[in-house]
Amino acid sequence: MTVIIGIIGLGFLVFFHELGHFTAARLFGVKVLAFSIGMGPVLLHKEMGGTDYRLSLIPLGGYCSMKGEDDFKKAVEENRKEIKGDKDSFYGVHPFKRLLIAFAGPFFNLLFGFLAFYTVALIGYSYYSAGTQVSMADEIYEDMASPAHEAGMMTGDTIKAIDGKEMSDFSDLSSYISTHPDEDITITVDRAGTILDITVHTLLDKDSGAGKLGIVSSADSVIERHYGPYGPLAAVKEAAKQCGMLVGLTFKSIGILFKGVDVTKAVSGPARITTMLGDTVKEGFSEGIKVGIISSLQFLALISISLFITNLLPVPILDGGLILFALIEMIARRKMNPKLLYYIQYVGIAFIVLLMVLALAGDVRYFIGK
């Protein structure tokens, strides 16, 4: 059941992505030959306005088939110097329109993330978190490093701010520290009424890519926190803020992968993501409808914004590759040689295959470990 829920959730995000391509294609005059909800064998279909709308058997997203997408392949096979297409085909429209059609898919993923965060902000929720009074981990657990303790922090210190940013609870601490691995950070602490600034160099957990400080929360400092609810206009600002934070965090996480992190552990593949999503939805709704809706929307927003960024990478066969080629055509004011595109695509395919192998290897290790 967990896997089925996860597949449906991921399938919806892929469908929403394809809906972006479909909407832009229709808007810019590119004929959509087929638009399907789901993949595989077609169960039901109806043609309207020149588009074959389909309901397919496998609930793994969907697809948007545009006129002229195979013109690239024909140009290579016929040894042409440029890709030619009809005015209502993908390669026949102006490269700026082609750029917008390619961008629309990732943009719809970003749009879904915004709508999800907007809904959560409107609903609001309460949660319990530990406070900011901390203990040194090396005093509690054997063989555990504590850079905080080594830098001069002590059990009983209350963290007021990190790098000038106010910390309200332990979840704030964890979020900030985990996204600043292998860095010097300045921690402002209250020690029995005395305010101190202590510089600590965080550790890098090579299994997860997260930063570590070597602190634990004090058991008696649990506090209740409230998020929202926000009014309709304030929720717009809050949703935009959450999207911006998540986009920044995702780019930062990509950079951390180049610091010697074990990619097979730090990067989740489709199997692990599907399971995690299914678990989140199931456990959330087991706590109640409101908790289920909020936890599901937050996790789906996280995945959707990750898809937004991933698809914009300037790699051939991804939307980012199509955007890059369209930009080159606009700047050069001439169409690219299809053979050059063909060879570049091989590089892109090799890159994607490498990522998939690493991600699947990580999934295998994850499930064996469980």
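How are H3 and H9 oriented to each other, roughly parallel or roughly antiparallel? The legends below, drawn from a predicted model, begin with this pair.

**View 1. Crossing of helices H3 and H9.** The axes of H3, which covers residues 95-123, and H9, which covers residues 289-311, come within 8 Å and cross at roughly 155 degrees. Because angles over 145 degrees count as roughly antiparallel, H3 and H9 are roughly antiparallel to each other. The crossing in which H3 passes H9 is left-handed.

**View 2. Residues that meet between H3 and H9.** On the H3 side the contact includes Phe103, Pro106, Phe107, Leu110, Phe112, Gly113, Ala116 and Phe117, while the residues that H9 brings to it include Lys290, Ile293, Ile294, Leu297, Gln298, Leu300, Ala301 and Ser304. Sorted by class, this contact of H3 with H9 holds 17 nonpolar, 6 polar and 1 charged residues.

**View 3. Helix H10 and the residue that follows.** Helix H10 has 14 residues, 319-332, which at 1.5 Å a residue should span 20 Å, and the C-alpha atoms at its ends are 20 Å apart, so the two values agree. Within H10 the buried residues are Asp319, Gly320, Gly321, Ile323, Phe325, Ala326 and Glu329. Just after H10, arginine 333 adopts a positive phi of about 60 degrees.

**View 4. The protein chain as the setting for these close-ups.** The secondary structure of the protein chain amounts to 11 helices and 12 strands, and 41% of its 370 residues count as buried. Among contacts in the protein chain with a separation of 6 or more, 67% are accounted for by residues 24 or more positions apart.

Terms used: Residues numbered from 1 in each chain as written. Predicted model: local features only at pLDDT ≥ 70, side-chain atom pairs only at ≥ 80, totals over all residues. Heavy atoms only, no water. Axes fitted to C-alpha atoms, helices over the stretch in contact; angles between N-to-C directions. Helix = DSSP H or I, 4+ residues; strand = E, 2+ residues; numbered from the N terminus. Parallel < 35°, antiparallel > 145°, perpendicular 65-115°, else oblique. Left-handed = near helix turned anticlockwise from the far one by under 90°. Contact = heavy atoms within 4.5 Å. Nonpolar A, V, L, I, M, F, W, Y, C, P; charged D, E, K, R; others polar. Expected span 1.5 Å × (residues − 1). Buried < 20%, exposed > 50% of the residue type's maximum accessible area, 1.4 Å probe, protein only.
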